[in-house]
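Please read this briefing alongside the sequence and the model.

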Amino acid sequence: MTAKRINLALQGGGAHGAFTWGVLDALLDTPEIEIAAISGTSAGALNGAAVKAGLSQSSRDLARENLQWLWEQVGAITDERLNPWLNAGSPSAISTLIETSLPFAVSDTVSRMVSPYSYGPFYQNPLRRIVERLHYENICCVEGPEFHICATNVRSGKIRIFDGDHISPDAILASACLPTMFQAVEIDDPATGRREAYWDGGYTGNPALFPLFHNGLPSDILVVNINPLHREDLPTSARAIQNRINEISFNSSLLRELRAIEFVKRLLAEGHLAPGSMKNILIHMVADDALMEKLSVATKLVATPQVLHQLRAAGRTACEAFLNTHFDKIGKVSSVDLVEMFN
């Protein structure tokens, strides 16, 4: 049986990206699926880099090993003062414990009042030690799936896509640069001829879908969504309100691109566009909004091994459910009803 080729669009969402780890683990464990291209932002860029480095060596096992190493390293970035609170409990219980702990409250307040530029020579990005150990000779090579990551140009507010030899430790750090926590990452831009500053790619593409549109790639895009599109409960606390603002902001670019895809599909279906004049993109999605609604920014920012592994398990379960239900639709029709999504 010939493997079905798909493109992956991997959202950012801090430590909640461990959910994507589980999704990718399940996909790599499915020989009937071939990953043709990856577009990732923030945590999605980290996940994508791990997978690309393995698949460029024609090794699914190596890709899975890279993912496990990555998230074990991320799990080592935590606040030791919180450890006594985190030795048991479900992800939602741990999220509540972190949110109500004094260290998190102090850290959250400081991040809103103090610029990351205030730390002077004491500033450091804790992700750098991980990102610099990734295998860029394998990430930047032409073998394996195409790989694209995005960041937001601070001055222009425009998206920048990094791919090929332009992917570097600084590019991945830029894609994951929350401006209230980290100093902007400066990278030379050959298009402008100047050194540009970048923030998190989630502001302009979470993730960017358009790099996956060209004709050399399959029509199917599988979006791994880790920021809830819908929350039933109205946020009323200051922290819950801020968390929902961030979710809406980081989903807005994805929704804009999905709406554009739905518009093109409708024009093709109604005969307003000639067949083949625009690509008929097929959209699929793996998510677990029920779980993510129980979590908050606390478990995005504080990476605890227990939550990471529970998110990984949830991601595997969600992906296996998707494959069991929608595998036959890949290459034929979308499994996401975009018309219903926007009505």
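**Helix packing and local backbone**

Helix 1 (residues 18–28) and helix 3 (residues 60–75) have axes that come within 10 Å and cross at roughly 165 degrees, where axes are lines fitted to C-alpha atoms, for helices over the stretch in contact, and angles run from 0 to 180 degrees between N-to-C directions. That makes helix 1 roughly antiparallel to helix 3, a label for angles over 145 degrees. This is a predicted model, in which local features need pLDDT of at least 70 and side-chain atom pairs count only at pLDDT 80 or more, while totals for chains, interfaces and linings use all residues. Residues are numbered from 1 along each chain as its sequence is written, and side-chain values use heavy atoms, with hydrogens and water left out.

**Contact of helix 1 with helix 3**

- Helix 1 contributes Ala18, Trp21, Leu24, Asp25, Leu27 and Leu28 to the contact, and helix 3 contributes Arg60, Ala63, Arg64, Leu67, Gln68 and Trp71, contact meaning heavy atoms within 4.5 Å.
- The residues of this contact divide into eight nonpolar, one polar and three charged, with Ala, Val, Leu, Ile, Met, Phe, Trp, Tyr, Cys and Pro counted as nonpolar, Asp, Glu, Lys and Arg as charged, and the others, Gly among them, as polar.

- Helix 1 is mostly covered, since eleven of its eleven residues are buried, which is to say under 20% relative accessible area (1.4 Å probe, protein chains only), whereas exposed is over 50%.
- Alanine 26 is found in helix 1 and is buried, with a relative accessible area of 3%.
- Leaving aside neighbours within four places in sequence, alanine 26 is in contact with Arg316, Cys319 and Glu320; the C-alpha atoms of alanine 26 and cysteine 319 are separated by 6.4 Å, although these residues are 293 residues apart along the chain.
- Helix 2 (residues 43–55) is largely enclosed by the rest of the structure, because 13 of its 13 residues are buried.

**Backbone features in loops**

- Serine 42, which is not a glycine, has a positive phi of about 55 degrees; serine 42 lies in the loop between strand 2 (33–40) and helix 2 and is buried, at 8% relative accessible area.
- Serine 58 also has a positive phi, near 60 degrees, and is found in the loop between helix 2 and helix 3, where serine 58 counts as exposed at 71% relative accessibility.
- Asparagine 206 and proline 207 are joined by a cis peptide bond with omega of about -10 degrees, and proline 207 is found in the loop between strand 6 (194–199) and strand 7 (220–224).

Technical notes: Helices (H or I, at least four residues) and strands (E, at least two) are DSSP runs, numbered from the N terminus. Angles under 35 degrees count as roughly parallel, over 145 as roughly antiparallel, 65 to 115 as roughly perpendicular and the rest as oblique.
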